[in-house]
Amino acid sequence: MRRRAQSQPRWRGQPLDAVLFDLDGTLLDTAADIGVALNRALAEFRLQPTPDSDVRRMIGRGSPILIERAAAAQGRALDQATRAAMVERFFHHYGALQENEEFRARPYEGVSEALRSLYGAGLRTAVVTNKQERFASGLLERLQLREWVDLVVGGDSCERRKPDPQPLIFACERLNSPPSRTLMVGDSINDVLAARAARIPVVCVPYGYNEGNDPRELPCDALIENLSQLPPLLLTDIDARAEVST
């Protein structure tokens, strides 16, 4: 979809050029697929399956930490070689879910419409996730969201992952949008910490994972119930000007 020439989107009165989105727990509910892949990998190393409710609390800091947490919950400490082997098996099983069209990941309410609206208003958009880039891009393609996303930054795109600010700063550079003219949207403390360190304002949603903690308690700049509430926050000035001009 070709972008329209528009007035400047704004965040609390300040000009806005780009919006960065977390993926898992913000744009997509991916916990079921992560749980299936995790439990298949655990079984290969003679570990018990992790309940779905526990998987949701373990999501957030990338696959190596997910594996560590799942093993630790069963009293097993992993050496570096075993952890690396388990991560590779997790990747194998997770990738197979996509390749075989067995994945159950779905966009949350309002996601498709919000991405289309923001992209159509001329904002540059990126997904910044701790998931590997190939898996993130694959899901966005399969769920027909990729056309509204300019850039995907995965957990393997930079040296460090969220909550380090490096992936967010990298996204800003690639989108040619300074942090002061960029907004982060996420569901966890990792998103908030990364945004704060990058000096990017951050909006959160309350339905994500946040490592088992209540997202409503996150120290973000604003909380929205779902993504359909985001365009009105950023494009109201545009809509008002359009009405006056007509």
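Colleague: At what angle do H1 and H4 pack, and how far apart are their axes?

Modeller: The angle is about 135°, and the axes are 8 Å apart. Keep in mind that this is a predicted model, where local features need pLDDT of at least 70, side-chain atom pairs count only at pLDDT 80 or more, and totals for chains, interfaces and linings use all residues. Residues are numbered from 1 along each chain as its sequence is written, and side-chain values use heavy atoms, with hydrogens and water left out.

Colleague: What makes H1 oblique to H4?

Modeller: Under 35 degrees is roughly parallel, over 145 roughly antiparallel, 65 to 115 roughly perpendicular, and the rest oblique. H1 and H4 pack at about 135°, so H1 is oblique to H4.

Colleague: Which H4 residues do the H1 residues meet?

Modeller: Met 86, Arg 89, Phe 90, His 93, Tyr 94 and Leu 97 in H4. On the H1 side, the residues include Ile 34, Leu 38 and Leu 42. Contact here means heavy atoms within 4.5 Å. By class, this contact has 10 nonpolar, 1 polar and 4 charged residues.

Colleague: And why are H1 and H3 called oblique to each other?

Modeller: Their axes cross at roughly 60° and come within 11 Å. That angle goes with "the rest" in the scheme, so the pair counts as oblique. Ile 34, Leu 38 and Leu 42 in H1 meet Leu 66, Ile 67 and Ala 70 in H3. By class, that contact has 6 nonpolar, no polar and no charged residues.

Colleague: What lines the largest cavity?

Modeller: There are 25 lining residues, meaning ones with an atom within 4 Å of a point. Asp 24, Ile 59, Gly 60, Gly 62 and Asn 130 lie nearest the centre. H4 gives the most to the lining, with 3 residues. The lining divides into 9 nonpolar, 9 polar and 7 charged residues.

Colleague: What stands out about the phi of Arg 12?

Modeller: Arg 12 has a positive phi of about 50° although it is not a glycine. Most residues other than glycine have a negative phi. You'll find Arg 12 in the loop between strands S1 and S2.

Colleague: Which residues does the cis peptide bond join?

Modeller: Lys 162 and Pro 163, with omega about 20°. Pro 163 is in the loop between strand S7 and helix H7.

Terms used:
Axes are lines fitted to C-alpha atoms, for helices over the stretch in contact, and angles run from 0 to 180 degrees between N-to-C directions. Helices (H or I, at least four residues) and strands (E, at least two) are DSSP runs, numbered from the N terminus. Ala, Val, Leu, Ile, Met, Phe, Trp, Tyr, Cys and Pro count as nonpolar, Asp, Glu, Lys and Arg as charged, and the others, Gly among them, as polar. On a 1 Å grid over the protein atoms alone, a cavity is a set of points where a 1.4 Å probe fits but cannot get out, and a pocket is an open set with protein on both sides within 12 Å along at least five of seven lines; lining residues have an atom within 4 Å of a point.
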